[in-house]
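This briefing is for a reader new to the structure.

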Amino acid sequence: MIDQLYRKAVLTVSGQKAVERIVRSRGWSVAQRFVAGESIQTALDAVKELEKDGILSNLDLLGEFIDSPEKCNAFADNVLNLMDAAHAQGITPYVSVKLSSVGQGQTVDGEDLGLTNARRIVGRAKQYGGFVCLDMEDHPRVDITLAQLRTLTGEFGREHVGSVLQSYLYRSEADRAALDDLHPNLRIVKGAYLEPETVAMPVKADVDASYRKLVYAHMKAGNYVNVATHDESIIGDVQHFVLANGISKDAFEFQMLYGIRRDLQKNLAAQGYRVRAYIPYGRDWYAYFSRRIAERPANVMFVLRGMVRG
């Protein structure tokens, strides 16, 4: 409950325009710990740096809840440009996309614009042998995102598109089971949005238990799992689980955030596990940055010290 109250307090404060103005004006030097610059090239440079340590990458152009079809199409074009640039530099594109940023919920020519743009993006990824993860957002978007995952998997194959489940949502266990016929590639996260207690678990222990249950069930069903956490207790339990159940290291990967626990990422990669860092970039970094602050009290102190020094 304390964790939920802390997250709620931070996200509520960060949502105030006055706070946003202060952080945007003084906080970029601190945000760079979590965000790989504002351009495609700075993001690709981060990819190449991580590759030196055997760490893979998941690129994310920041932006969400974009409100006009023109801006949504432009955002999708920027993701396509990212994949073209990655391919040109010998990098197989692996990207995450928030469907709200490319038009989800907006109808154009009789079809959801998010799905139209997702087809463009996943099609380009397939052309390059890459992959697109449809990021999960706040709970009202779960149904449409999972429906669009089903459509895109049918059209392009699970080798090129997957999505995310959040363990703090009560519904996620049933959602996972309902997807088993697709054998989808899923990233399991705890969840970072401000959600009501009617839909999300308020107690950390329950969220953690749900997390383990989702990972283990998806593995047992023979599906590829992205274990997205920095929680060393969970990571250790997953390592024991795969050994006990004869699950290959090729059947899953550990995913972590850019700029957080690089030592742990390197250590796991050195042990032969597939490790992938989630690399966000772009000018619209504030919402993402706020959620990172909300995850741990220590992050607040890190930010405040950095802003005072700045």
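Two strands are taken to pair if DSSP finds at least two bridges between them. By that rule, in this predicted model, four bridges join strand β9 (residues 252-257) to β10, and the two run parallel. Within this pair, Phe 254 stands opposite Val 275 in β10.

**Strand β10 and its neighbours**
- From β9 the chain crosses through helix α11 (residues 262-270) to β10, and this β-α-β crossover is right-handed.
- Strand β1 (residues 56-61) is joined to β10 by six bridges, also in a parallel arrangement.
- Leu 61 is the residue opposite Tyr 281 in β10.
- Strand β10 (residues 275-281) is largely enclosed by the rest of the structure, because seven of its seven residues are buried.
- Val 275, Ala 277, Ile 279 and Tyr 281 are buried on one side of β10, and Arg 276, Tyr 278 and Pro 280 are buried on the other.

**Helix α7**
- The 15 residues of helix α7 (residues 142-156) should span 21 Å at 1.5 Å a residue, and the end C-alpha atoms are 21 Å apart, which agrees.
- Buried in α7 are Val 142, Thr 145, Leu 146, Gln 148, Leu 149, Leu 152, Thr 153 and Phe 156.

**Around helix α7**
- The buried residues of α7 pack against several elements, including α6 (113-127), β5 (131-135), β6 (161-166) and α8 (172-178).

Note on methods
Residues are numbered from 1 along each chain as its sequence is written. This is a predicted model: local features need pLDDT of at least 70, side-chain atom pairs count only at pLDDT 80 or more; totals for chains, interfaces and linings use all residues. Side-chain values use heavy atoms; hydrogens and water are left out. The expected span of a helix is 1.5 Å times one less than its number of residues. Buried means under 20% relative accessible area, exposed over 50%, partly exposed in between (1.4 Å probe, protein chains only). Contact means heavy atoms within 4.5 Å. A crossover is right-handed if, with the strands pointing away from the viewer, the path from the first strand over the helix to the second runs clockwise.
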